[in-house]
Amino acid sequence: MGDLAHTSLLLAAAFVAGALNAVAGGGSFLTLPALVLTGVPPVSANATGTVALLPGYMAGAWGFKDDMRSPPGLSMKSVVLLALVGGAAGAALLLFTPDATFRRIVPWLLLAATAMFAFGPQLRQWAMGGKHDQAPNTAGAAKAALGMLAVAIYGGYFNGGLGILLLALLGLLGQTNLNAMNGIKNLVSALLTAIAVAIYAAGGVVQWKQALVMMIAATLGGYLGARVARKIPPNWLRGGIVLTGLVMAGLFFWRQ
């Protein structure tokens, strides 16, 4: 595969990934395999793909700005703080993970993220015990904070399926409006990715040439995806993302 083919593949993957992240998550299901296919080592590919998607997260958050609401149990300030702390912790952990180890766990992470998203509504109903619109108490707020922190650490470490996990978490916390969920998802993704990118850069694992090429396409895809998402039935979005996650997990298992 020549340089032109590599560039074309990365541009296409980044554009679709940016749109997918703005819609409901799963963009790294495309950028990570594309970078690995063009010869970038797994850990560096994960970091580079994360850098490339940062502008797309920001554009997606802007596209959903009118719908953005914090989830039950958490204030917006808490969401911002947890996203930054968790993103930093996850990024630091990635720097200490060998490429061979990361390659082995990637498909399992993809599979877990896809399953969480696929069964998000059922998990939320189970977690709430069939009761809706409950006022959050102290214990509920603590659980919400721990959940957000855990997902932010995951996002700083892997990023693949981050949006899927965030949507599943927001569903478990009691949010039901998909546009509101997408707004806070993109905000959290942008914040934790920004701090993770700074740590990746300091660790020297980012392939900047590929990242810069992909940023432009991901940004355009992120904004357009946020606008188009309003016109697509939620069930279609969910089905498409689950299928994408399963296919990409299968490809990584096959390559092992």
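The following questions and answers concern a predicted model of a protein.

Reader: How many helices and how many strands does the protein have?
Author: Read along the sequence, the predicted model follows the pattern α-α-α-α-α-α-α-α-α-α-α. The count for the protein is therefore 11 helices and 0 strands.

Reader: What percentage of contacts between residues at least 6 apart in sequence join residues at least 24 apart?
Author: The contacts in question are those in the protein between residues at least 6 apart in sequence. Of these, the share that joins residues at least 24 apart is 83%.

Reader: Why is helix 2 described as largely enclosed by the rest of the structure?
Author: Helix 2 spans residues 28-37. Its buried residues are Ser 28, Phe 29, Leu 30, Thr 31, Leu 32, Pro 33, Ala 34, Leu 35 and Val 36. Helix 2 is largely enclosed because the buried residues number 9 of the 10.

Reader: Which residue just after helix 2 takes a positive phi?
Author: The position lies just after helix 2, and its phi is about 100°. The residue is Gly 39.

Reader: Which helix gives the most to the nonpolar patch on the surface?
Author: The patch is formed by Phe 15, Val 16, Trp 62, Leu 220, Tyr 223 and Leu 224, with about 580 Å² of accessible area together. Two elements give two or more residues to the patch, namely helix 1 (3-23) and helix 10 (208-229). The element that gives the most, with 3 residues, is helix 10.

Reader: Is Tyr 223 buried, partly exposed or exposed?
Author: Tyr 223 lies in helix 10 and belongs to the nonpolar patch. Its relative accessibility is 37%. Buried means under 20% and exposed over 50%, so Tyr 223 counts as partly exposed.

Reader: At what angle do the axes of helix 5 and helix 8 cross?
Author: Two packed helices are described by the angle between their axes and the distance between the axes. The axes of helix 5 (residues 99-118) and helix 8 (residues 162-173) come within 8 Å. Their crossing angle is roughly 35°.

Reader: Which residues make the contact, and is the crossing left-handed or right-handed?
Author: Helix 5 contributes Ala 113, Thr 114, Met 116 and Phe 117 to the contact. Helix 8 contributes Ile 164, Leu 165, Leu 167 and Ala 168. The crossing of helix 5 past helix 8 is left-handed.

Definitions and conventions: Residues numbered from 1 in each chain as written. Predicted model: local features only at pLDDT ≥ 70, side-chain atom pairs only at ≥ 80, totals over all residues. Heavy atoms only, no water. Buried < 20%, exposed > 50% of the residue type's maximum accessible area, 1.4 Å probe, protein only. Helix = DSSP H or I, 4+ residues; strand = E, 2+ residues; numbered from the N terminus. Patch = residues over 30% accessible without salt bridge, like charges linked within 9 Å, V, L, I, M, F, W, Y side chains within 5 Å. Areas by Shrake-Rupley, 256 points an atom, 1.4 Å probe, with all protein chains shown as cover. Salt bridge = Lys/Arg side-chain N within 4 Å of Asp/Glu carboxyl O. Axes fitted to C-alpha atoms, helices over the stretch in contact; angles between N-to-C directions. Left-handed = near helix turned anticlockwise from the far one by under 90°. Contact = heavy atoms within 4.5 Å.
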